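Please find below a short note for a reader who is new to protein structures. The points are numbered so that each may be checked in turn.

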Amino acid sequence: MLFYAAEIMSTINKHSKYYSIYRDSERKQQIVGEFRWSEFVQNRDKAIRRLNDIFLKHLENPKIEFIKSKGFIIPSAENSKTSIVKTSDGRTFEADNILISTGSSPILPDKKSMSSDDFFWRIKEKPKKMVFVGAGYIGVELSSAVNELGIEVHLIIRKEKVLSNFDELCAEEVTKSIENSGIHLHKNTSIDNHEDRKVTLKDGTVIDGVDHVVWAIGRKPNLECLRDHYLYEEIKKIGKIEIKKNFNCPQIGENVFALGDVVGKTMLTPYAIKCGRKLADKLFQDNDKEFEFEEPKFIPTVIFSHPPCGTVGFTEKEAKKNFGDIIVKTQKFDGLFYNVPKAANIPNKDISGCAIKVIYEKESERIVGLHLVGNFSSEALQGFALAMTAGVKYKDFKNCLAIHPTA
């Protein structure tokens with residue numbers, strides 16, 4: 001929702017005049033968007049409540065007992081190989097199958113600041129200046145969106161580029177777009193001190209008048225449900241729940257399963273949903289506890305920067321390591337959206353270019369990695385992910401008839 005608000009603001013403020021769209025018939029007043037933060041927050045919260053209500057209705061099933069309480073896993077007194085659930089109000093439940101899916105929480109090293117989760121619930125009025133810490137998904141997404149909404153943004157990263165764990169194309173292009181957007185990008189540094197509204201970086205930079213500091217440096221599995229289990233401290237040191245290929249965690253109990261962020265692997269909602277469906281099918285449809293989950297061949301994901309970045313499969317470095325002989329095709333261009341603005345002399349910094357990298361095995365031509373940066377790449381990626389899962393080859397791309405006019 002925040003991404004779409006930022007996209008609309010960007011189009012209105014940066015591009016409307018280059019399409020000869022003005023507020024008045026005499027072309028004297030350019031259209032300028034004014035973002036009303038508090039109003040947006042109210043409408044966003046209504047939309048989220050509507051989604052929550054949809055899921056809650058699924059629980060209004062006579063076969064489901066919905067318990068509003070915290071749950072804790074403890075060893076069974078009757079069978080040392082199994083566990084039971086104790087609730088915070090003192091009740092206990094035994095079950096043939098217990099699933100731990102408690103998710104994760106953002107890492108927050110500075111208690112004077114706020115986490116990326118807090119960002120969505122604590123800020124009710126539009127800030128003037130914000131500092132974001134983190135070069136991954138959330139740091140890039142939030143800082144990019146807030147910047148487009150007319151707020152002064154400082155993004156602090158420890159390395160030279162954002163998205164360092166992604167393909168070099170993504171890291172390079174998104175970093176460039178951030179720098180062109182007006183965000184103050186502080187590279188190769190971190191926060192040294194944060195007092196009141198003043199932030200001092202380790203390179204000596206001082207940022208005054210800061211309304212909010214938001215940390216987005218990763219997430220950690222929620223393990224509190226195991227606090228009363230004798231293995232809690234051991235699992236806490238590991239930092240996640242270790243599972244077998246059927247999601248079972250026999251160290252906690254033969255009847256206990258875990259999936260999602262709490263196992264510390266592929267922290268993506270669609271991945272957790274896929275795992276959950278597979279586990280439910282195997283336990284309650286096939287009556288098979290000894291199955292092995294087949295990992296998806298390729299996992300697509302999108303970073304909702306401005307413009308967005310989509311990626312599926314191996315990075316170029318990973319592909320070289322895993323497949324040896326590979327061929328990499330890279331293309332960079334400006335989308336059709338900018339044809340008219342370029343004729344109207346739009347500044348280069350306001351042009352969000354497109355870039356695509358295709359990686360395929362040399363011998364078989366099977367595509368093993370694809371990375372996109374540009375407008376609507378978030379939507380386009382799903383089709384590529386489907387094709388790659390089906391084993392598409394580079395020659396299939398060449399034989400595919402293009403849609404005109406598209407970029």
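1. At 34% relative accessibility, Asp 334 counts as partly exposed. The structure discussed here is a predicted model. Asp 334 takes part in a salt bridge with Lys 342, and the closest N and O atoms of the two are 3.2 Å apart. Lys 342 is likewise partly exposed, its relative accessible area being 36%.

2. Side chains of opposite charge can pair when their charged atoms come close. In this model there are 27 salt bridges.

3. Which parts of the chain does the pair of Lys 187 and Glu 160 tie together? The side chains of Lys 187 and Glu 160 form a salt bridge, with a distance of 3.5 Å from N to O. Lys 187 belongs to the loop between strand 9 (184–186) and strand 10 (191–195), while Glu 160 belongs to the loop between strand 8 and helix 5 (168–181), so the pair links parts that are 27 residues apart in sequence. Lys 187 has 25% relative accessibility and therefore counts as partly exposed. Glu 160, at 42% relative accessibility, counts as partly exposed as well.

4. Glu 361 and Arg 366 also deserve attention, as their side chains meet in a salt bridge at 3.1 Å, N to O. Is Glu 361 buried or exposed? With a relative accessible area of 18%, Glu 361 is buried, because the term applies under 20%. Arg 366, at 28% relative accessibility, counts as partly exposed.

5. The next topic is strand 7, which comprises residues 129–133. This strand is mostly covered, and 5 of its 5 residues are buried. The cover extends to both faces: Lys 129, Val 131 and Val 133 are buried on one side, and Met 130 and Phe 132 are buried on the other.

6. Which strands pair with strand 7? Strand 8 (residues 152–156) runs parallel to strand 7 and is joined to it by 5 bridges. Within this pairing, Val 133 stands opposite Ile 156 of strand 8. Strand 13 (residues 212–215) also pairs with strand 7 in the parallel sense, over 4 bridges. Here Phe 132 stands opposite Val 214 of strand 13.

Conventions
Residues numbered from 1 in each chain as written. Predicted model: local features only at pLDDT ≥ 70, side-chain atom pairs only at ≥ 80, totals over all residues. Heavy atoms only, no water. Buried < 20%, exposed > 50% of the residue type's maximum accessible area, 1.4 Å probe, protein only. Helix = DSSP H or I, 4+ residues; strand = E, 2+ residues; numbered from the N terminus. Pairing = 2+ DSSP bridges. Salt bridge = Lys/Arg side-chain N within 4 Å of Asp/Glu carboxyl O.
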